[in-house]
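The following account leads through one protein chain, from its overall make-up to selected local features. Please keep the sequence and the model in view while reading.

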Amino acid sequence: MYSVLLVDDEKWVRTSLRKVIERTGLPFEVAREASHGLEALDALKEAPVDMVLTDVRMPVMNGMSFVQQLRQTAREQSVIVVSGYDDFAYVQGALRLGVTDYLLKPVEVEEMHACLEGWLRGRAAAGHAAAPAVSCDPADRSPVEQVLGYIREHLGGELTLTDAAARVHLNPSYLSQLFKQQLGRGFVEHIVEMRMEEAKRLLTATSLRVSEVAQRVGYTDVAYFSNTFKRSAGCTPTEYRRCPPA
């Protein structure tokens, strides 16, 4: 079976799409659901899927922003855009982002069947006979690369050099040296930089409050987060959101 992630802010729509997919009789099953793009990105970090079906208009992060962010990290991810807005601008935007197809609500079983069947044919023609997507094996990456992946997945939590070193079975001091040698900065400095970059992305791509952005990148003290952000970006989070750099 091929796994599907449904992204729509209305639960009844997700339920309807789930039933439509089931009624096609094709080897697809809904593995995950999300109510907006940011939640979907989090879900994909936890477990990859073969197909994403996403709405366009959603709170926090809309469908177009979601696909744009997704393309930066998973360019080969198959995406079908489902929308109730028959707007050619959306169709153009979706196609430019390389989506598989664009369906209008309400989606009929026949339309979904044709769409998914076309995806299966395209996959077979490309030589992808095997089904589910799998994540890269961490063992194939260097210790620093593994730690960077660990940091990205835990930006909102507590990150210590000791814990990171234990994950890659290295002495903390040695890992710190590797960071400085390979990245030109220390472990803590790199975490701050990654958190600030993620904060910038959230401020421009979502409607999360500044306090919510702070929490998502590991800061419980909003004032401390704002000061750290200002030292990094040269302006406050609110100012950055109003006028992000081109």
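Angles between axes are classed as roughly parallel under 35 degrees, roughly antiparallel over 145, roughly perpendicular from 65 to 115, and oblique for the rest. The axes themselves are lines fitted to C-alpha atoms, for helices over the stretch in contact, and the angles run from 0 to 180 degrees between N-to-C directions. The model is predicted, so local features need pLDDT of at least 70 and side-chain atom pairs count only at pLDDT 80 or more, while totals for chains, interfaces and linings use all residues. Residues are numbered from 1 along each chain as its sequence is written, and side-chain values use heavy atoms, with hydrogens and water left out.

The secondary structure of the chain amounts to 12 helices and five strands; these are DSSP runs numbered from the N terminus, with helices (H or I) of at least four residues and strands (E) of at least two. Of its 246 residues, 44% count as buried, where buried means under 20% relative accessible area, exposed over 50%, and partly exposed in between (1.4 Å probe, protein chains only). Among contacts (heavy atoms within 4.5 Å) with a separation of 6 or more, 63% join residues 24 or more positions apart.

Two packed helices are described by the angle between their axes and the distance between the axes. Helix α9 (residues 187–205) packs against helix α11 (residues 222–233) at an angle of about 95°, and their axes are 10 Å apart. The two helices are therefore roughly perpendicular to each other. On the α9 side the contact is made by Val192, Met196, Ala199, Lys200 and Leu203, which meet Phe225, Thr228, Phe229, Ser232 and Ala233 of α11. These residues comprise seven nonpolar, two polar and one charged, counting Ala, Val, Leu, Ile, Met, Phe, Trp, Tyr, Cys and Pro as nonpolar, Asp, Glu, Lys and Arg as charged, and the others, Gly among them, as polar.

Val192 belongs to α9 and counts as partly exposed because its relative accessibility is 30%. Beyond its neighbours within four places in sequence, Val192 is in contact with Tyr219 and Thr228. Its C-alpha atom lies 9.4 Å from that of Leu155, a residue 37 positions away along the chain.

Leu155 also lines the second largest pocket, together with Asp42, Lys45, Glu46, Arg152, Glu153, His154, Gly156, Glu198, Arg201 and Arg216. On a 1 Å grid over the protein atoms alone, a pocket is an open set of points with protein on both sides within 12 Å along at least five of seven lines, whereas a cavity is a set where a 1.4 Å probe fits but cannot get out; lining residues have an atom within 4 Å of a point. α2 (37–46), α6 (143–153) and α9 each supply at least two lining residues, and α2 gives the most, with three. By class, the lining has one nonpolar, two polar and eight charged residues.

Most residues other than glycine have a negative phi, and most peptide bonds are trans. The peptide bond from Lys105 to Pro106 is cis, with omega near -10°, and Pro106 sits in the loop between β5 (101–104) and α5 (109–125). Val60, which is not a glycine, has a positive phi of about 65° and lies in the loop between β3 (51–54) and α3 (63–73). His169 likewise has a positive phi, of about 60°, in the loop between α7 (161–167) and α8 (172–183). His169 is exposed, with a relative accessible area of 72%.
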